[in-house]
Amino acid sequence: MNSDSIDSKSTAEISNQVPRFVVGLGASAGGLDSLEKFFKKMPPDNGLAFVVVQHLSPDYKSMMVELLSKHTRMKVQHAVDGSLIKPDTVYLIPPKKQLTIEEGKLFLVEQATVSGINLPIDIFFRSLARDQESQAIAVILSGTGTDGTLGGRVVKEVGGYVLVQTPESAQFDGMPKSAIQTGIADSILTPENMPQEILRYVQHPYASRLRNEPPSSDEEDVLHRLLALLRQETGVDFTEYKSGSLLRRIQRRMGVIQISTLDEYLQYLSTNMAEAHLLHSELLIGVTRFFRDTEAFDKLREKVLPELLAARKQNSQSPLRIWVSACSTGEEVYSLAILLAEAMERHQTFLNIKIFASDVDKNALNIASSGRYPASIIADVPVQLLGKYFFKIGDYYQVVEKLRKMVIFAQHNLLRDPPFHKLDLISCRNMLIYVQSRVQKRILSMFSFALNQNGFMFLGGSETLGEAQDLFWTVDSHARIFRNKGDVYFPEFQAVESSRMEVRMNSRIGLKAGIGGDQPKTEKLIDGIYEHLMDQYVPSSVVIDPELNILHVWGDINGFVRIPKGNLTYNLLRLLDQKVGIIVSNAIRTVQKNGGEIMFRDVQIDTDEGPKLMRLSVTLYRRRPFKQDFFIVTFNSLKELNDEDKKAKETTVNFSEEAEEQLRDMDRELQHTRESLQTTIEELETTNEELQSTNEELMSANEELQSTNEELHSVNEELYTLNEEYQKKIEELTNANNDLNNLYLTTNIGIVFLDRQLCIRNFTPVTQEYFPLLTQDVGRPIAHLAGSFPYPNLMEDLEKVLNVLVPVKREVQLKDDRWCQLEVKPYQTIENHIDGAVLVLLDITEIRRYRRKQEELMEEIELSNKRMTLANEVGKVAWWEWNYDKKELVYHPDKARWLGFTTDELKTVEDFIQLIHPDDYESAMNSMRNLLTGDSEAYDIHYRLRTKSGNFRYFHDQGFVTQRNEKGSPTMITGAIVNLEETGRTPEKSPKSEMGGK
């Protein structure tokens, strides 16, 4: 069996099986041209299934099946709900539908838009990734917007292959650029180069390898060397990841660059550092999206967030601290931030929230920190939250500022760096499944250490506590929410390496975190000692802002201030003795102008126990990042006044009554100014509220306009796709119209097209030879011109054809002895409707002449046949014809009748040879042999033939070669035989030379 038969057999087997790979092609505006170029280069017997998903208008019929069928020999059809996909077939999404694939079957649902935007490509790509996994191939072609980016990312996450059209070759580069910027593209090619790349990829040795096949011992050795090289180049150690997962990712890269063995790939990696970074990105591809696993986030909102907010509300001095580890590109971080913002609004609580988001992938963190995501996130983010926490910029959504301020992003290696500490919640979803079990145990112990007692941990749907069950209580097993016991020390945590982050954790008190298991208790001890030292050695002081409001107090200041009547105030001057307040006010203005510090000694203050002396200082505190100044006012040394103190005091500080009265007036004026300012502030706040209300209305209107704009954008894409199909159809119709025009001009057939009212629609120029037609006669009833045509029943035939739909054919004689054939047919539309009639006029003058000549010739032939028959009957002659190649004999029936046989009894030459008289046999055979070999020109013999009754009769037989083949050999012999006895010429005694013996 040769190789061709083997190939044909394997192809036949493949055609009856499921496809090896399923290729999803996403296209929008400008995609028809890309699809045509793609399928022109794709061989028809490839063993793959193709599913084309476009943005189609729901109001118009798509002509894509007809258009694509002209560019491929594969079967092209619209997808049918529940149909099993087959290889070498192209499936198209129908209008008004969304398409998914499950267990190798295509399913259709009614089109549902989110915020007016249709995302059929993302929807199909996601289902393709779930169903086909590593056998999925996603192709992103020309189009506007970002549809296909998130779906293509999911395809790559499961080990599939993603190809993107080069933006330069795309009519609209929005979709290709979005996919390329996200980093999901394995290959960036023009549409005509994609088929060859896909076939190379699917034919790679690893393409058909089992997905969960463990690495061999040889592969393990090469894998360790490869990871060591990768660590050296990128700084990330993947040795603690599961080897099976790593190997599958590496093999996928090998398939992309067409390398067959791990050894070859290791060699390639050592000489190509760009590939090292591509592999690094491949291994770190993040599996994430907004509100991934909605049910789990619902449980988090219901069971965890209310308790965290309630506990922090009682202790509002410290912020709510959350750590999202392995945050990837930040979708789940912002999802959690949105839930917190919603919970605070719902519970009328406004707290300081710090979300620490970390990941080892710097590129992913750059995307996360920018807070900018493709418009296709609308498939994951509820509409009400999308408008509240995002604003639209072109084809992207940007998180609002208040959400971004809640999050601090940092590069952090969970396998090497120490954790954040004093946390209320840790979220680490779907990262543990990629590392070995012992590493999982170590990470979970680290999380327990980092969490406060009773803090919460939120894991992915496929992750469990494993060997760390002693560290956590289960809050919700299905949602993977756990609670930290907090009092269990897990020695595995000591395996975590130290870094500079450990020193940063508590640099104020100089402790190194992560050394022992009792670090939180040590911090409480140090804090207590710190407070004791402050009380012992720091004088009574207050910190005030530029408005003289007290911000913080050290020590006991009860002896220096008094509580005024009326509303409670934190303004320092209102709490001080009037004279002391004047001193403090002047000192604050002085240090604010000149800087530094001012100190007053022996300042007199009136107390309940009488006048006393104190020491007073005012210090300016000006530090970044604070934009305003702060002041530290220090009080010290209250003591009784003696005579010397009074003299010194009188000479040091002397306030005249006029000055005091002036100061009182100024104080009253200042108080009035403050009250006026407060009134103005209240009025401004009222105005601001009104402006905010107006702004909210404008924002709402803007959101509605934005939503309308998005809907119009989506409709514009659909109309562009439809217009592209129509342009192709118009081009075909133009070509067909040109063909018809040329046919009209060159044909010798007269054709008149009539409508239902038998008015002229169009006609060919030749028709003017039969009817006096002009160009302006279009639209004129044919009845006006029927009289000029020499056939009186023309209108009757036209009416008959329109009524019974049976064509009529006539031959009509024209002037000058000319004839034409008139045929009347119904005019049939593409929809199989009858919409008029067609007159076909064909000049048959020459045909009539040839027909007459043929009739005359037939008459002459018939007369000749009669003459020949008469001659045969009179001369007793019968003709015969022998096809020497086919061994077929044809003869006149008289030849058999003369011998008493029928033609059915004598069919072959051999039948007649057997009847030759034995004495005549040899001479007859020699004569025929000489004819066949060319030794003689004729077969001419007299012999006797036996009749059916057993008697012999005399015959004269003569024949000639009438046909020969290319080599000159005879193929046809024709002759005639004469019955000598019936002619009366039978010799009574014939010589041997003539008769061949007796």
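Biologist: Is the crossing of α9 and α11 left-handed or right-handed?
Modeller: This is a predicted model, in which local features need pLDDT of at least 70, side-chain atom pairs count only at pLDDT 80 or more, and totals for chains, interfaces and linings use all residues. Residues are numbered from 1 along each chain as its sequence is written, and side-chain values use heavy atoms, with hydrogens and water left out. A crossing is left-handed if the near helix is turned anticlockwise from the far one by less than a right angle, and right-handed if clockwise. For α9 and α11, the crossing is right-handed.

Biologist: At what angle do helix α9 and helix α11 pack?
Modeller: α9 covers residues 243-257 and α11 covers residues 273-283; helices (H or I, at least four residues) and strands (E, at least two) are DSSP runs, numbered from the N terminus. Axes are lines fitted to C-alpha atoms, for helices over the stretch in contact, and angles run from 0 to 180 degrees between N-to-C directions. The axes of α9 and α11 are 10 Å apart, and the packing angle is about 135°.

Biologist: How many residues of the contact of α9 with α11 are charged?
Modeller: Contact means heavy atoms within 4.5 Å. On the α9 side are Leu246, Arg249, Ile250, Arg252, Arg253 and Ile257, and they meet Glu275, Leu278, Leu279, Glu282 and Leu283 of α11. Ala, Val, Leu, Ile, Met, Phe, Trp, Tyr, Cys and Pro count as nonpolar, Asp, Glu, Lys and Arg as charged, and the others, Gly among them, as polar. The contact of α9 with α11 then has six nonpolar residues, no polar ones, and a charged count of five.

Biologist: How does α4 lie to α5, roughly parallel or oblique?
Modeller: The axes of α4 (residues 120-132) and α5 (residues 149-157) come within 7 Å and cross at roughly 10°. That makes the orientation of α4 to α5 roughly parallel.

Biologist: Which residues of α4 meet α5?
Modeller: From α5 come Thr149, Leu150, Gly151, Gly152, Val154 and Val155. The residues of this contact of α4 with α5 divide into five nonpolar, three polar and two charged. Their partners in α4 are Asp122, Phe125, Arg126 and Ala129.

Biologist: How far apart are the axes of α12 and α14?
Modeller: α12 (residues 294-303) packs on α14 (residues 331-346) at about 35°, and the crossing is right-handed. Phe297, Leu300 and Arg301 of α12 meet Glu332, Ser335, Leu336, Leu339 and Arg346 of α14. The axes of α12 and α14 are apart by 11 Å.

Biologist: How many of the nine residues of α7 are buried?
Modeller: Buried means under 20% relative accessible area, exposed over 50%, and partly exposed in between (1.4 Å probe, protein chains only). In α7 (residues 194-202), the buried residues are Met194, Pro195, Glu197, Ile198, Leu199, Tyr201 and Val202. Their cover includes β1 (22-27), α2 (31-41), β8 (136-140), β9 (161-165), β10 (187-189) and α9. The buried count in α7 is seven.

Biologist: How many disulfides does a search of the whole structure find?
Modeller: A disulfide is a pair of cysteine sulfur atoms within 2.5 Å. Cys327 counts as buried at 4% relative accessibility, and Cys759 counts as buried at 15%. The number of disulfides found in the whole structure is zero.

Biologist: Is Ser328 buried or exposed?
Modeller: Ser328 lies in the loop between β11 (320-324) and α14. Its phi is near 55°, a positive value in a residue other than glycine. With a relative accessible area of 9%, Ser328 is buried.

Biologist: What is the phi of Glu133 near?
Modeller: Glu133 is in the loop between α4 and β8, and at 33% relative accessibility it counts as partly exposed. Its phi is positive in a residue other than glycine, near 50°.

Biologist: How far apart in space are Ala29 and Glu724, C-alpha to C-alpha?
Modeller: Ala29 is in the loop between β1 and α2, and it counts as buried at 2% relative accessibility. Ala29 and Glu724 are 695 residues apart in sequence, while their C-alpha distance in space is 8.1 Å.

Technical notes:
Parallel < 35°, antiparallel > 145°, perpendicular 65-115°, else oblique.
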